[in-house]
Amino acid sequence: MTESPSVTHDLTIEVPIPSWARPILRDRVRVLAVLMGLVSLGWQGYLLSRSYFHKDDFRIITWSAENGLDLDFLFRSNHGQLMPGGLGLTWLLTRLEPYNWNLHMGALLLMQGAAYVAVYVLLRRLFGARRAILLPFGLYVFAPVVITDLLWYSAGKSSVPVQLAMAGALAAHVSFLRSGRRRHAVAALAWIVFGLLFYLKVLLLPLVLAAVTILYGSLIAKPRFKVFAAWWYWLAQAALMGGYVALYTLLGIAKGSYVPIGTDHPIGPVAYTVRVLAENFVPSATGGPLRWQTGVGWANADPPALVVWAACVIALAAIVVSVRYRRHAARAWGLLLGWVIFVDAGLTWVARASEMSGWEPRYTADAFPLLAVCAGLAFLPLAGEAVPYRRQLPEPPVRGFAIGLVAGVFVIGSAASTVAYLPWLMVDDHVAYMANARAALRTAPPGTDIYPRPLPPAIQHEQPDRSELTSRALAPIAPPALAARMRDPRPSAHPVVVGDDGKLTPMTLFGGLLVSKTCYPSYAIPLKTAGGPDVFGAVNYEAAAAVVATATVGGERIKLPLTAGSGTIYFPIRHDTTSMAISAPGVSVCVNAVAAGAPVPVRR
C-alpha cells in the first residue's frame, strides 16, 4: 500500500492596518523612536509608582487647597521662583483630588512624553529622517538625570516643561529659518511664553535661538533669507525677556530665594561650576553617576572618582573626534558648554548655591534636550548640507564598533544608575502616614478638635509660612467641617494631634508649666509666650459651676467652656503675651496651674 504524498499549504494571515497608520509604520525611524520613548516612559512610570509626595510637594498642594485660581496665588514667590504654570497645574490636580499620587504621576508622564516628541521632531527637522538621529535621541530619553528628575513632583513640574519649551522653541525656530514663514516664528515665541510660566531659566532661551542662528543659520536657513532682518521676531523675544525681568522684580520674587542675592555663598562660583559640570552633568551624559547620596529631593549625584574621570575622558574623546572630522563641531560643544556653565551652574549659583545643590539632578536635566541637539550637530550632517565633514570618515565597521561600544556603555550605565536610585525612594513612611491620616480624619468623631503640629521631618521640614503644620497640610483631606476647625482651632478640653504615624492621639503641651499653691489672681495669671500658629495655652481650674468664661490673651478675647469641678482647658495663643485674665461673672473659678507650648503626642 503506497502512501499519498503530503501536501503543504501556505497559510497567510492578513492583519488590516488603517490607512492613516501605514505611513507611520513604514517610517522605521519614527517607529524606533516611539519604541525608545515608550521604554523610557514605562521605566519612569515604574519608578514613579515607587515614589510619592515629598518635601516641597506638601507646601504647594497646601497652597493650592487654600487659594482660588487667582493672580495673587499664581504669581506668588516659591523659594525665589515665579512659576504660575506649575502652581496652576498643582491647583487643578488638587481640585480633582488632594494628594492623589496617580494624578500627579500621570501629569508628569504626559509632560515628559510631550518633551520626548518635541526632541524627536527637532532632531528630524535638523538632520532629516536618518536612523542616526536615534543616537542623540537616546542620549536624552535614557539619561539618568532626565529619568530620575521626574521622581520628585516639585522638581519635575518645573524642569520637564523647560525641556519641552526648549525643544519646541528650537524646532519652531529651525522651521522659521528654513521657510521664513511667520507662523513658525510665532510658535517659537509661544513656546518661550509657555516655558516662562514654569521656570526662570527659560528667560535665557532666546539667547540659545540667537546662538543657533549665528553659529548654524547659514547652514539651516533657506538661501537669501536674512533671519535677523525679521526685526519683529527678535524684538518680541527681547520684550519677553525684559517684561519677565520687570515682573519678577516688581513682585519681589527674589526675596524668597534659598540664598538671597548679595549674600556670601558657602562655595565659590568656579568650584561650583566644576562640580556641576564634572560631577553632575558629564557623568549623567555618559550613563552615570552610578551612585547617589542624600539630597534635598530624594537623592543627589555622588559619582565615584573613577566614574568622574572615565566620564570626562569619554566626553573629551567625543569632542576631539567630532572636531577632527565634523565641520563646525566646536560650535556645537561651545553652545552646550555655554548653557551648562552660565545657566545651569552660574544662574543656580547666584540663586541657589549650597554645598549640595551642585550635585542636584534637577538643575542640569534641562540641558539634555540641548545635549541631544549639540551631539547631533557635532557628528551628523544637517539636512541638505553639502560638505559636512573635513575628511573621510573611518570605515563602517570601525564606526559601528565605536558607536556600539559607546552606546552600550551609556545604556548599561543608565540602567545601573537608575536601579541604584531605587533604594533612595524611601516612601513607605510617607505613604503609611498619609493613608493613616486620611482614614483618621475621615472617621474622626463629630466635634473632634485636632490641634496643629509639624509633619514628620522626613516628610517636610519647617517652612517660613508654617505650611508644614498639620492644620494646613492635612486639611485638604479632612471633611469640610473638621478642616475648618483644624485651620481655626477652638478651645477644647480634650484636643488631639496627628501622631508621627498619621493616627490621632491624645496630646499635651511641650513647654513651661507654672503651678500655684493657691489660686492665681484672675486678672493677672502669668503666661509668657510669643504666640504663633502652633502655640497653645492650658489652665487647670476649679469651677463652682459650669460656665463659659472669657479669657483675654495677647489682646484677644477667647470663650472658654468650663465644666463644674476640676478640669483642664486648652486654647490657642496667636499673639505675644505675658499674662492672661479670666472672667466668669457669678461663678467662682480658681486657676491653679497654667502652661504654654506646642502640642505634642502624649508619650505612652
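Let's start where H15 meets H16. On the H15 side, the residues in contact (heavy atoms within 4.5 Å) are Ala 329, Ala 332, Trp 333, Leu 335, Leu 336 and Trp 339. They meet Leu 370, Leu 371, Cys 374, Ala 375, Leu 377, Ala 378 and Phe 379 in H16. By class, that contact has 13 nonpolar residues, no polar and no charged ones. Here, Ala, Val, Leu, Ile, Met, Phe, Trp, Tyr, Cys and Pro count as nonpolar, Asp, Glu, Lys and Arg as charged, and the others, Gly among them, as polar.

A word on the source. This is a predicted model, where local features need pLDDT of at least 70, side-chain atom pairs count only at pLDDT 80 or more, and totals for chains, interfaces and linings use all residues. Residues are numbered from 1 along each chain as its sequence is written, and side-chain values use heavy atoms, with hydrogens and water left out.

Now the geometry. H15 covers residues 329–352, and H16 covers 368–379. Their axes, lines fitted to C-alpha atoms over the stretch in contact, come within 7 Å and cross at roughly 165 degrees. That makes H15 roughly antiparallel to H16 (angles over 145 degrees, on a scale from 0 to 180).

Next, the backbone. Which residues other than glycine have a positive phi? His 79 does, near 55 degrees. His 79 sits in the loop between strands E1 (77–78) and E2 (81–82). Arg 466 does too, at about 60 degrees. Its loop runs between helices H18 (428–442) and H19 (470–473). Arg 466 is buried at 16%.

Last, a cis peptide bond: Gly 288 to Pro 289, omega near 10 degrees.

Technical notes:
Helix = DSSP H or I, 4+ residues; strand = E, 2+ residues; numbered from the N terminus. Buried < 20%, exposed > 50% of the residue type's maximum accessible area, 1.4 Å probe, protein only. Parallel < 35°, antiparallel > 145°, perpendicular 65-115°, else oblique.
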